[in-house]
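Visitor: I would like to go through this model with you, one point at a time.
Guide: Please ask about whatever you want to check.

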2 protein chains.
Amino acid sequence: MAKSGASSRLRQPGAEGSTDTRRVLVEAAIETLKADGFAGASARAIAGRAGCNQGLVFYHFGSVVNLLLAALDAVSADRLEHYSAAVDRVTTPTELIDVAAAIFGEDLDAGHVTVLVEMIAGASSTPGLGPEVAARIAPWTQFAQAATQAAFGGSALDSVIPPSTVARGVVALYLGLEMLTHLDGDRAPALELFDRAKELASLFQALSAVPSAAGPKEGS
Amino acid sequence: MAKSGASSRLRQPGAEGSTDTRRVLVEAAIETLKADGFAGASARAIAGRAGCNQGLVFYHFGSVVNLLLAALDAVSADRLEHYSAAVDRVTTPTELIDVAAAIFGEDLDAGHVTVLVEMIAGASSTPGLGPEVAARIAPWTQFAQAATQAAFGGSALDSVIPPSTVARGVVALYLGLEMLTHLDGDRAPALELFDRAKELASLFQALSAVPSAAGPKEGS
DNA sequence: GTCTATACTTGGATAGAC
DNA sequence: GTCTATCCAAGTATAGAC
């Protein structure tokens, strides 16, 4: 937008050729992480996919890992926003799990979570990368905690397990399922798990409706 | 000790210098995966840690990934044997979870599961590696299924979720918790999760004792 | 059969062209 | 300010020494 001075530079048709190089590189970095993993995400591989010179990685981001972190930022922001929108419309535990299952399917198809997994695993190989990645994963746990609290708040689950612990477990399970499913391509067990979790949740829902009123939301 | 044919070859003191080069390389590969991850596990890095020439990686294993797979084999065999021994002495769900928590602590300290995670995540970067890794992870799910069935068999859990699904979920959670804990170094949430799971299990234990006799083991 | 020295390829980073 | 041509380090793999 606002591309001043359209100096008819010859480039690939469709590419604007100047300020959005960063954007193109970030997008290519994401795709490369999905397709070739952290170990395969070299400056050359990324630039090749972006259709530009590999030196641009270093000009625009300073280093490969910095570009990779920008990619993680982009994926994280995009997904968390998407999640928030989807979760906003839920009130009950079973609805939450339904939404989670649907989103899990999306993430699996598009490979969004692969980016997280690759960055977490790849963090071991580069000194100083760990904390950077950790800071970008934290919002996921935070979101999971908010979402579970919104749906399970005041239920039986809430009193038997601290919300932060649940959130951590949910994120861990999400990452683990993504890894295993990505590895062997069989998504049936994961979807089955969501299905059963929903049944268990409805059980909890029924149980927590019985005892002393915890109050159905404020005002009643 | 027992250094046959003392042909006074000069080597590092302590190293026997001949047939166990493979063993030393496998051990070094494991340590390198733990410390530097898949992306950092180059032939040079591993050989350096093993204290031998990097060419030996290719002589003994043909390629780096082959050595890495041998490392995964070794870790997997070692751990699964250890798990079996520990689980053999368990009969109740709460005991199983106690054992699982203890073993999780061990694995975290020693970095055993890091090897799995790195290999799973690294599989994306090398064509054909995925199925090889998948074949080596399958026994873990198998073991988890056997263990949960031994402890939860005939309980309420068994009838609401298929054992294979539970096993998959347990392995996924285990891998995910390892990743997150390894990333930020905070093992408290994971241990808390085991603790709460134990409470829930004892609840299930109590519930499943009430209804129509599913039969305490065969016979009776 | 074991291992080392060397060939060749790919990757990270920058000096300098535009 | 943006990008390309080039440099050097690190990686895989093998030919050949022992």
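**Contacts, burial and helix packing**

Guide: Leaving out neighbours within four places in sequence, Thr141(A) is in contact with Ala167(A), Arg168(A) and Val171(A). Bear in mind that this is a predicted model.

Visitor: Is Thr141(A) buried, partly exposed or exposed?
Guide: Thr141(A) has its place in helix 7 of chain A. Buried means under 20% relative accessible area. The relative accessibility of Thr141(A) is 18%, so Thr141(A) counts as buried.

Visitor: And how does Glu132(A) count by its relative accessibility?
Guide: Glu132(A) is placed in helix 7 of chain A, which covers residues 129–152. Because its relative accessibility is 37%, Glu132(A) counts as partly exposed.

Visitor: How far apart in space are Glu132(A) and Met119(A), C-alpha to C-alpha?
Guide: In sequence, Glu132(A) and Met119(A) are 13 residues apart. From C-alpha to C-alpha, the distance in space is 10.0 Å.

Visitor: Which residues does Gly130(A) touch, not counting residues up to four places away in sequence?
Guide: Gly130(A) also has its place in helix 7 of chain A, and Gly130(A) is buried, with a relative accessible area of 13%. One of the residues touched belongs to chain A and one to chain B. They are Ala123(A) and Leu183(B).

Visitor: How many Å separate Gly130(A) from Asp88(A) in space?
Guide: The two are 42 residues apart in sequence. Taken C-alpha to C-alpha, Gly130(A) and Asp88(A) are separated by 31 Å.

Visitor: Which residues of helix 2 of chain A are buried?
Guide: Helix 2 of chain A spans residues 43–50. Seen down its axis, the buried residues fall within an arc of 95 degrees, so they line one face of the helix. On the other side, Arg44(A) and Gly48(A) are exposed. The buried residues are Ala43(A), Ile46(A), Ala47(A) and Ala50(A).

Visitor: What do those buried residues of helix 2 of chain A pack against?
Guide: Their partners are helices of chain A. They are helix 1 (21–36), helix 3 (55–61) and helix 4 (64–88).

Visitor: Which residue takes a positive phi just after helix 2 of chain A?
Guide: The phi there is about 75 degrees. The residue is Gly51(A).

Visitor: How are helix 1 and helix 4 of chain B oriented to each other?
Guide: Helix 1 (residues 21–36) and helix 4 (residues 64–88) of chain B pack at an angle of about 85 degrees, with their axes 9 Å apart. Angles of 65 to 115 degrees count as roughly perpendicular. The two helices of chain B are therefore roughly perpendicular.

Visitor: How many helices does chain A have?
Guide: Along the sequence, chain A follows the pattern α-α-α-α-α-α-α-α-α-α. Chain A has zero strands, and its helices number 10.

Visitor: What share of the residues in chain A is buried?
Guide: Chain A has 220 residues. Its accessible surface comes to about 11000 Å², of which 56% belongs to carbon and sulfur atoms. The buried share of the residues is 45%.

Notes
Residues numbered from 1 in each chain as written. Chains lettered and ligands numbered in written order. Predicted model: local features only at pLDDT ≥ 70, side-chain atom pairs only at ≥ 80, totals over all residues. Heavy atoms only, no water. Axes fitted to C-alpha atoms, helices over the stretch in contact; angles between N-to-C directions. Helix = DSSP H or I, 4+ residues; strand = E, 2+ residues; numbered from the N terminus. Parallel < 35°, antiparallel > 145°, perpendicular 65-115°, else oblique. Buried < 20%, exposed > 50% of the residue type's maximum accessible area, 1.4 Å probe, protein only. Arc of directions from axis to C-beta. Contact = heavy atoms within 4.5 Å. Areas by Shrake-Rupley, 256 points an atom, 1.4 Å probe, with all protein chains shown as cover.
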